[in-house]
Number of protein chains: 2
Amino acid sequence: MRIGELATRAGVSVRSLRYYEEQGLLISTRSPSGQRHYTDGEVERVQLIQRLYAAGLSSRTIAEVLPCVDSPSERNSDEAFERLVQERDRISRHIDELLRARDALDRVVDVNRAHRAQLTPR
Amino acid sequence: MRIGELATRAGVSVRSLRYYEEQGLLISTRSPSGQRHYTDGEVERVQLIQRLYAAGLSSRTIAEVLPCVDSPSERNSDEAFERLVQERDRISRHIDELLRARDALDRVVDVNRAHRAQLTPR
DNA sequence: CTAAGACCTGACATTGACGTCAGAGGCAAG
DNA sequence: CTTGCCTCTGACGTCAATGTCAGGTCTTAG
């Protein structure tokens, strides 16, 4: 498929796909005229990339860990694997942070609800 | 206390504190010469602000919900309260997203560990 | 009084993942 | 062959929180 279809199916912009390729996250085969072509499998790869971006990984970091995804059967560099584990842990810490933030907001919500119920009984 | 001490105690930069004030998140009393002065209570306010930033709220959004924090006893505008709840839900969705991302990385980690164990037995 | 260090305002710089535009070529349908 | 849509490269724009620098004032220890 060409870039527009991949963009639609993966739910990202064409611009983003070109950017991913520029960052070494995505590879395309080129038609004689230079147009990018992709296989069906790239859809989920793009979705994984999006998920990692959403989890706060940078392009550079994603590029660093993708080898472990692409060829787990080969022994990838220790740095790549270590980075992978490290990012997993960073995400865990981020989740904890978000849970605390949510708790803080929950308390604010509760207090406000209480006052609202009081001010507008029924 | 002056701005430097607040910065140290809250763990942020002086620049950030001035920015928070510019965004209407923080108020300071000024000495005759124009220097900012804060009370001890501002320390936790700054920490809350930091926590909300870390949870992905923008300055504008934080400014929007802070009234509910400052005076839950008054009936704040419905928009403010609604925004509060809305952000809480956004954080919940973000947490779910991070959990999925972590699961994905966990699977990659496991597969890689398996191959590593195999390649370097013991 | 004086020097060091904290503070002031204002302004420009940074970073990263895109948006957007320009100018040119590719491709299928009529 | 033309019309319309997709794609190409390259480049500049954006946004938000913060860093950083300049030039000047304030405060405080000695």
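Predicted model: local features only at pLDDT ≥ 70, side-chain atom pairs only at ≥ 80, totals over all residues.
Local features were taken at pLDDT of at least 70 and side-chain atom pairs at pLDDT 80 or more, while totals for chains, interfaces and linings use all residues; side-chain values use heavy atoms, with hydrogens and water left out. Residues are numbered from 1 along each chain as its sequence is written, and chains are lettered from A and ligands numbered from 1 in the order in which they are written.

In the protein interface, 40 residues of chain B are in contact with 40 residues of chain A, contact meaning heavy atoms within 4.5 Å. The size of an interface is often given as the accessible area lost when the parts come together. For chain B and chain A the buried area is about 3,900 Å², with carbon and sulfur atoms giving 68% of this value; buried area is the accessible area (1.4 Å probe) that two parts lose on being put together, summed over both.

Six salt bridges are found across the interface of chain B and chain A, a salt bridge being a side-chain nitrogen of Lys or Arg within 4 Å of a carboxyl oxygen of Asp or Glu. A:Glu97 and B:Arg51 form a salt bridge through their side chains, with an N to O distance of 3.5 Å. On the side of chain B that touches chain A, two or more residues come from each of helix H3 (42-54), helix H4 (59-70) and helix H5 (78-119) of chain B. Helices are DSSP runs (H or I, at least four residues), numbered from the N terminus. H5(B) gives the most to this side, with 27 residues. By class, the residues of this side are 21 nonpolar, eight polar and eleven charged. Nonpolar covers Ala, Val, Leu, Ile, Met, Phe, Trp, Tyr, Cys and Pro, charged covers Asp, Glu, Lys and Arg, and the others, Gly among them, count as polar.

Around DNA strand D there are 20 residues, of which A:Gly4, A:Arg36, B:Ser13, B:Tyr19 and B:Ser59 come nearest; a residue is near a strand if one of its heavy atoms lies within 4 Å of it. For B:Ser33, a side-chain N or O atom is 3.2 Å from a sugar or linking oxygen of DNA strand D. H2(B) gives the most to the surface near DNA strand D, with four residues.

Conventions:
Polar contact = N/O pair within 3.5 Å; in protein donor to acceptor, adjacent residues only side chain to side chain.
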